[in-house]
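Here's a quick briefing on a ligand site and some charged pairs. Have a look at the model first.

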Amino acid sequence: MAERARESVIIGILHGPNLNLLGTREPHLYGTATLDDITASLTRVAADLGVELRVAQSNSEGTLIDIVHEWRGLVRGVVVNAGAYAHTSLALRDAFAATSLPFVEIHLSNVYAREAERHHSMLAGAAIGTVTGLGAQGYEFALRGLVSALRQR
Ligand code: DQA
């Protein structure tokens, strides 16, 4: 039987507003890891899982939505930290619904232990799951959880 090349699974990692400043941004809340540090550790996890990553960050809601649209047909699922847009953006949730892209929501800080306006997520109800409050390591859990869920489908 002819060997078929194994189709590579690509996972999107999407970061929203102000996360480009990780490392120096309110380290008591968000830790000292930079976005590059997080990408480097996720790249190691991805290799362990046998998946590839696409990583993007934007401070603009519309650009985040455009990226989700562009990822349709390219990535199999998305790990998303939408920053404050998680609490406000019905449009971003609609983008995931419109593209049928499964996703895991992640927050570095425990949003439920913070101000009331951070307790609601527009995304959570449409997510496979949510990781919150576990710092930069939460991204690793989110990626492992997403890939595991996708493999069970
Ligand atoms: C955050 C939590 C949000 O409430 C906040 O607006 C952020 C970061 C987190 O990772 O803890 O920008 O998403």
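What follows covers the ligand, one of its neighbours and the salt bridges.

This is a predicted model, so local features need pLDDT of at least 70 and side-chain atom pairs count only at pLDDT 80 or more, while totals for chains, interfaces and linings use all residues. Numbering runs from 1 along each chain as its sequence is written, and side-chain values use heavy atoms, with hydrogens and water left out.

**Ligand site**
- The residues around the ligand (a heavy atom within 4 Å) include R25, A84, S109, R114 and R118.
- A polar side-chain atom of S109 sits 2.6 Å from a ligand oxygen, and one of R25 sits 3.0 Å from a ligand oxygen.
- The protein buries 98% of the 320 Å² that the ligand exposes when taken alone (Shrake-Rupley method, 1.4 Å probe).

**R25**
- R25 is in the loop between β1 (9-15) and α1 (27-30) (DSSP runs, at least four residues for helices and at least two for strands).
- At 18% relative accessible area, R25 is buried (under 20%; exposed is over 50%, partly exposed in between; 1.4 Å probe, protein chains only).

**Salt bridges**
- The count is six salt bridges (a side-chain nitrogen of Lys or Arg within 4 Å of a carboxyl oxygen of Asp or Glu).
- E115 pairs with R114 at 3.7 Å and with R118 at 2.9 Å.
- R114 is buried at 16%, whereas R118 is partly exposed at 22%.
- E140 and R144 are bridged at 3.2 Å, and both lie in helix α6 (residues 137-151), four residues apart.
- Shared partners join D48, E140 and R144 into one network.

Note on methods: A polar contact is a pair of N or O atoms within 3.5 Å; within protein, one must be able to donate a hydrogen and the other to accept it, and residues adjacent in sequence count only if both atoms are side-chain atoms.
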